[in-house]
Structure formats: structure tokens, C-alpha cells
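Okay, thanks for coming, everyone. I'd like to walk you through one model today, so let me put it up on the screen.

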Amino acid sequence: VDLSVSWLGVNMENPLYNASGVMCRSREELDAVAASAAGAVVTKSCTLSPREGNPEPRYARAPHGSINSMGLPNAGYEYYLDYAKNYDHASGKPLFVSVSGMTLEENLTMLKAFRDADLPCLVELNLSCPNLPGKAQIGYDFAASSHVLSEVVKVYDKPFGVKLPPYFDPVHFAEMASVLNSFPSLKYVTCINSVGNGLVIDIDSESVVIKPKAGLGGLGGDYVLPTALANVREFSRLLDGKHVIGCGGIKSGREAFMHILAGATAVQVGTCLYEEGAGCFARIRDELAAIMEEKGYRTLADFRGKLLTM
Ligand code: RRO
């Protein structure tokens with residue numbers, strides 16, 4: 001079977017890559033993803049200045065996934081710009097750069113720098129970090145999202161994408177899709193970021209399991225799979241000529257297949273990558289290939305978006 005995918009001029013050997021935030025904060029981590037069987041690499045969301053992030057513990061494994069409140073720890077955008085400048089863009093593993101300024105001005109400054117560097121990498125603008133105390137997720141404010149995107153496209157003329165928070169209401173899918181559809185250079189959306197502000201409790205210690213925000217954090221893993229699939233499916237239907245990248249609950253070939261069946265062009269692995277390491281990519285790739293073989297599918301296009309309804 002052929003697992004390759006080509007989109008926006010990007011050619012991937014297989015549809016799997018890391019979810020931004022996992023194994024992508026340092027050069028060494030990014031190199032480890034690039035050296036694995038992943039089909040692409042995305043950097044940790046960056047800010048204008050380096051950030052330490054929230055106090056530890058700020059990630060915990062939970063019975064059905066993970067909870068995190070990292071607080072956007074990153075080495076500052078110049079570090080990732082430098083990584084992108086030195087990246088082997090001919091390696092066959094496309095590089096994506098995630099950008100998540102603390103303010104609109106920060107986003108514009110970083111995007112101008114990436115524009116001026118004119119590198120063959122795609123930006124994923126994060127509109128959905130749930131873990132900054134006192135800061136709302138932009139993606140949940142449709143007017144604010146529209147404003148941010150209007151200002152972004154004034155300075156950034158290349159194709160780009162956005163990382164969205166999960167939505168839970170058809171009215172909200174439609175409203176956000178309508179905002180996104182008014183920006184032609186917005187070519188893809190990644191669905192979903194973690195399900196924000198969950199609370200995991202450890203019954204033995206009668207305690208929260210992470211320190212920031214009194215234990216509240218973004219959920220990933222099995223907890224979020226159906227929500228991720230719904231978001232991938234609905235945005236695939238509602239967006240005009242844009243790609244949807246699936247993220248949420250992928251830990252085997254089965255979930256990767258489900259995301260693609262729901263309409264995903266490519267898929268990202270977060271919690272499973274954190275827990276298993278970069279070896280997960282070869283495993284999930286081989287499992288996906290086995291499912292396709294069993295079903296008689298030769299390419300991802302044979303089943304992408306072809307979810308049946310009753
Ligand atoms: O760093 C984080 O706390 C974080 C970010 Br920026 C994000 O977008 N999603 C997430 O689950 N954690």
C-alpha cells in the first residue's frame with residue numbers, strides 16, 4: 001500500500017507527525033522526530049521571547065490519556081527560525097512551525113520574520129492554548145479570531161494554517177468555519193488542540209495531579225478521540241478547499257484510519273508520542289498499512305472523508 005500524501009506542495013511519505021508541543025521544544029527533540037518514521041515535523045508553539053512555562057509537575061499520565069498545563073515553554077521564535085534555516089528541507093520530511101504569540105503584535109512580529117526568511121515551511125498559528133492563566137483561547141471568540149486573521153493576512157502573504165480548540169456545538173462549527181472561509185490564504189486547520197481545563201484527580205492522594213491552575217489542564221489521549229473526530233469531520237464538511245489535519249487520541253493505526261475516514265489529510269500524534277517515544281510512528285504507520293491492506297485500500301485517498309452515515 002501507498003501511505004504517501006501530498007498537500008500544499010508538501011510531500012509526506014506517510015500521514016503521521018508529532019502534535020505541536022510534544023517532542024519538539026529543542027533541536028535534539030526535533031531531530032529525533034525527523035529521524036523517526038514520522039512523515040513530517042512540527043515545532044513547539046513559539047513566542048517572541050523564550051519562556052520557562054508553568055511550574056512542574058505540569059504533565060501527567062491519566063487513566064485514559066494525559067493532562068497538561070505546560071504554559072507555553074519554548075526557546076523563543078528565533079531559535080525555531082534558526083532551526084528552520086538549518087533544516088534539511090530536501091530530506092523528504094516537511095517542517096512546520098507553530099506560532100503562538102502572547103499578543104497579536106507578537107504574532108505579527110514573528111510571522112513577518114518567518115515571511116522574510118522565505119523558507120519552505122508552513123506555519124501553524126495556534127489559536128487555542130488552554131493553559132495561560134487569565135488568557136482566553138482566541139479560537140473560542142469568533143470576532144477575536146476574525147480580527148487576528150485579518151491582521152495576520154495583512155503581513156503574512158504565504159499559505160498558512162491554524163490550530164483550533166475543540167468545539168462542541170454545531171452552531172459553533174458553522175460560525176468558526178464561516179470566519180475561516182473568508183481567508184483564502186488560510187489553507188489548513190489542525191483539529192484539535194487539547195480539550196481545555198479538565199480536572200484529573202488521584203483518589204489515593206485525594207489530590208490534583210498537576211500543579212498549575214489548581215490542577216486544571218488540557219486533556220489528550222483516549223478522552224478526546226470522539227471530540228477530535230467530530231471536529232475533523234465537521235470542519236472537513238464546512239471548509240471550502242481547505243485541508244484538515246487530525247489530532248486527538250491517535251495511538252494506533254485504528255485511530256489514524258478513523259481520522260482519515262473523517263476527512264483528515266494528515267494526522268498528528270501527541271499523548272501517545274509523549275508516552276511511547278518516536279518509535280510510535282513506525283508502529284502506527286505499519287498498523288495503518290495493515291488495516292488498509294485488509295480492507296483492500298491502496299492509497300489514503302481511497303477512503304479519506306468517506307465516512308458512512310446512517
Ligand atoms: O504549552 C502548553 O501548555 C500547551 C499549548 Br501552547 C497548547 O496549545 N496546547 C496544550 O495542550 N498545551
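Predicted model: local features only at pLDDT ≥ 70, side-chain atom pairs only at ≥ 80, totals over all residues.

Residues are numbered from 1 along each chain as its sequence is written, and side-chain values use heavy atoms, with hydrogens and water left out.

Okay, strand S7, residues 95-99. Helices (H or I, at least four residues) and strands (E, at least two) are DSSP runs, numbered from the N terminus. Five of the five residues in S7 are buried, and buried here means under 20% relative accessible area, with exposed over 50% and partly exposed in between, using a 1.4 Å probe and protein chains only. Leu95, Val97 and Val99 cover one side, Phe96 and Ser98 the other.

Who sits alongside S7? Strand S4, residues 41-42, runs parallel to S7 and is joined to it by two bridges; strands count as paired if DSSP finds at least two bridges between them. Val41 has Leu95 as its bridge partner in S7. Strand S8, residues 122-126, also pairs with S7 in the parallel sense, over four bridges, and there Phe96 is partnered with Leu122.

On to the rings. Phe, Tyr and Trp rings (the six-membered one for Trp) pair if their centres lie within 6.5 Å; planes under 30 degrees apart are stacked, over 60 edge-to-face, and the rest tilted. By that rule we get 15 aromatic pairs. Take Trp7 and Phe96: the centres are 5.6 Å apart and the planes at 20°, so that pair is stacked. Trp7 is in strand S1, residues 5-7, and Phe96 is back in S7, 89 residues apart. Both Trp7 and Phe96 are buried.

Then there's Phe257 with Tyr297, also stacked because the centres are 6.3 Å apart and the planes at 25°. Phe257 lies in helix H7 (253-261) and Tyr297 in the segment after helix H9 (280-295), so the pair ties together parts 40 residues apart in sequence. Is Tyr297 buried or partly exposed? Partly exposed, at 27% relative accessibility, whereas Phe257 is buried at 8%.

Last one: Tyr140, Phe142, Tyr167, Phe173 and Phe235 form one aromatic cluster.
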